[in-house]
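Student: Could you take me through one part of this model closely, the strands and their turns, and then show me where the nonpolar cores lie?

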Amino acid sequence: MWTPTKTNKYGVVIYNWHGDNPYGLHLEIGDTVQILEQCCGWFRGFVTKNRSVKGIFPSTYIHLKPCRVENEGTFETAIPLEDMVVREVSLVLRDWNCIWKSLYVERETYKFITLRKVMRELLEWRKQLLTGTLTQDQTRELKLKTTAKIDWGNR
């Protein structure tokens, strides 16, 4: 029996799933999902990019993340609690990955290598921010450096 979720409201997809059943929701690695209900190892919810398409998916394919819920009930929204710079780096890396792949296919070697280097730097900085071992000053400096690198890359 499907029951509304109390705490498990938000997560990130860690495996692709094609939704191979009549009510299945197609998921790709890195998608973020909002979870509405759960039942016997399955979740029912939607990908946050498209709230209108709801479906079911295996709970084991989702890495749950802490969030706060606004407007509890029918129109609730799960808002992740992670740092905004960390979230932005994740989104940017996902976008840049498509560009990086096209540079490889088009044999743009210099741009490909440059973008790879910048993406690796961002991954390393994101990891440092997530560990929580930096002082407040170090964290502030790293966030400034990270946003500057993102701005540079988006140009």
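Predicted model: local features only at pLDDT ≥ 70, side-chain atom pairs only at ≥ 80, totals over all residues.

Tutor: S3 and S4 form a hairpin with 2 residues between them, and Cys40 in the turn has a positive phi of about 45°. Residues are numbered from 1 along each chain as its sequence is written, and side-chain values use heavy atoms, leaving out hydrogens and water.

Strand S3 (residues 32-39) pairs with strand S4 (residues 42-47) in the antiparallel sense over 6 bridges; pairing requires that DSSP finds at least two bridges between two strands. Within this pair, Gln38 stands opposite Phe43 in S4. On strand S5 (residues 54-58), Phe57 stands opposite that Phe43. S4 and S5 pair in the antiparallel sense over 5 bridges, and their hairpin has 6 residues between the strands.

Now for the cores. A nonpolar core is a set of buried (under 20% relative accessible area, 1.4 Å probe, protein chains only) Ala, Val, Leu, Ile, Met, Phe, Trp, Tyr and Cys residues joined through side-chain atoms within 4.5 Å. The largest has 16 residues, and Val89, Trp96 and Leu122 have the most contacts inside it. Helix H1 (84-105), helix H2 (109-131) and helix H3 (136-154) each give two or more residues to this core. A second, separate core of 10 residues includes Val13, Leu25, Val33 and Val47.

Definitions and conventions: Buried < 20%, exposed > 50% of the residue type's maximum accessible area, 1.4 Å probe, protein only. Helix = DSSP H or I, 4+ residues; strand = E, 2+ residues; numbered from the N terminus.
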